[in-house]
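Subject: Handover of a structural model and findings

Dear colleague,

Please find below the structure I am handing over to you. My findings on it follow, arranged by topic.

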Amino acid sequence: METPYPKPISPTQTRIGWIGIGVMGAAMASHLLSAGYSLTVYARTPSKASSLTSQGAHLAGSPEQLARQSDVVFTMVGNPLDVKQVVLETNGILSTLNPGAAIVDHTSSSPSMAREIYTSAREKGCWSIDAPVSGGDIGAREGKLAIFAGGERPVVEWLKPLFDLMGRVTYMGEAGCGQNCKIGNQIMVGGNLLGLSEGLVFAEKAGLDLRKFMGAIRGGAAGSMAMELYGGRMIDRDFKPGGFVEYMVKDLGLGVDVVKEDEDARVVVLPGAALCKQLFSSMVANGDGKLGTQGLITAVERINGN
């Protein structure tokens, strides 16, 4: 059966596949189900798919089975190695994806991996869009994610009805540009989280009421989306993950350690990002890699003897 690109996407015609149903992936996929799309999911641990199958999703036995019966396959996995395994390896998505179908990778991964997937997809007559997201678990649940898309603009426009169910998509340029946008985003998020953590630790040591402190400063230059999303959680000691600390280490490393990709011309000296990566890495070393990124405040507290 020929897949639909460039025919208009519709719930009655477009078959969706989804791999990666963690904290954010499951919430994102549920929006597609709620809109009436036929959704097939793959999970290495099938029981983790129960919340989606209870909403009507089908369960595939392997990535290649899922790809064979899908027109658009979304991936939202852990890191570039996971992306490579699920997309490019012998039994991966591209081994059975039909010509004209599209892969949309929402994983925060490397730009070079995005370009490799794009080239491999085009060789098979398929399409690939790198589309990492920002907004955390709240943005995923509320369908308000920022989506950064790299690849062919017409394909991004074709996929827009699906993106619109999950958030707001911005076309950033050729393959890899979505991932570069996410790396820049994470550099800024890390800096915001560090400033927020240090400000709260200082305010507490100074004897201020932390909620009054946040209320006083949120309307000024210190106010930020990071404060709105994570300030209350830090005060409440709520470190449940919207995004894992260990993934922030990975994301910042994609910017700080980009020289590992042999792309010397792209290297930028990022002292703040390097410091943030070091602090998040210290959390992983202390066994806190599965905390939410708002847990960065604990690293600042630990330095201060708390």
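Please note that the model is a predicted one.

Two packed helices are described by the angle between their axes and the distance between the axes.

On the α8 side the contact is formed by Ile 187, Gly 190, Gly 191, Leu 193 and Leu 194, and on the α12 side by Ala 273, Leu 275, Cys 276, Leu 279 and Phe 280. By class, the contact of α8 with α12 comprises eight nonpolar residues, two polar and no charged.

The contact of α8 with α11 divides into seven nonpolar, three polar and two charged residues.

The crossing of α8 with α13 is right-handed. From α8, the contact involves Gly 190, Leu 193, Leu 194, Ser 197, Glu 198, Leu 200 and Val 201; from α13, it involves Leu 296, Ile 297, Val 300 and Glu 301. In this contact of α8 with α13 there are seven nonpolar, two polar and two charged residues.

How many of the eight residues of α13 are buried? Six of them are, so that the helix is mostly covered, given that buried means under 20% relative accessible area. The buried residues are Leu 296, Ile 297, Thr 298, Ala 299, Val 300 and Glu 301. They pack against α8, α10 (225-236) and α12 (271-285). After α13 comes Gly 305, with a positive phi near 85°.

Individual residues

Cys 177 is located in helix α8. Its relative accessible area is 22%, so Cys 177 is partly exposed. Leaving out residues up to four places away in sequence, Cys 177 touches Asp 130 and Met 172. Between Cys 177 and Ala 131 there are 8.9 Å in space, C-alpha to C-alpha, although the two are 46 residues apart in sequence.

Ser 109 lies in the loop between β5 (102-105) and α5 (111-123). With a relative accessibility of 1%, Ser 109 counts as buried. Beyond its neighbours within four places in sequence, Ser 109 is in contact with Pro 80, Val 83, Gln 179 and Leu 254.

Arg 237 belongs to the loop between α10 and α11 (245-256). Most residues other than glycine have a negative phi. Arg 237, however, has a positive phi near 60°. Its relative accessible area of 41% makes Arg 237 partly exposed.

Gly 36 is in the loop between α1 (23-34) and β2 (38-42). A relative accessibility of 46% places Gly 36 in the partly exposed class. Gly 36 and Ile 9 are separated by 27 residues in sequence and by 12 Å in space, C-alpha to C-alpha.

Annotated spans

An unreviewed UniProt entry lists residues 15-173 as "domain: 6-phosphogluconate dehydrogenase NADP-binding". In the model, residues 15-173 are 40% helix and 25% strand, with the end C-alpha atoms 26 Å apart. UniProt, in an unreviewed entry, also lists residues 16-39 under "transmembrane region". Residues 16-39 are 50% helix and 25% strand in the model, and their end C-alpha atoms lie 5 Å apart.

With kind regards

Technical notes
Residues are numbered from 1 along each chain as its sequence is written. This is a predicted model: local features need pLDDT of at least 70, side-chain atom pairs count only at pLDDT 80 or more; totals for chains, interfaces and linings use all residues. Side-chain values use heavy atoms; hydrogens and water are left out. A crossing is left-handed if the near helix is turned anticlockwise from the far one by less than a right angle, and right-handed if clockwise. Helices (H or I, at least four residues) and strands (E, at least two) are DSSP runs, numbered from the N terminus. Contact means heavy atoms within 4.5 Å. Ala, Val, Leu, Ile, Met, Phe, Trp, Tyr, Cys and Pro count as nonpolar, Asp, Glu, Lys and Arg as charged, and the others, Gly among them, as polar. Buried means under 20% relative accessible area, exposed over 50%, partly exposed in between (1.4 Å probe, protein chains only). UniProt positions are given in the numbering used here, feature names are shortened, and annotations may be inferred rather than shown by experiment.
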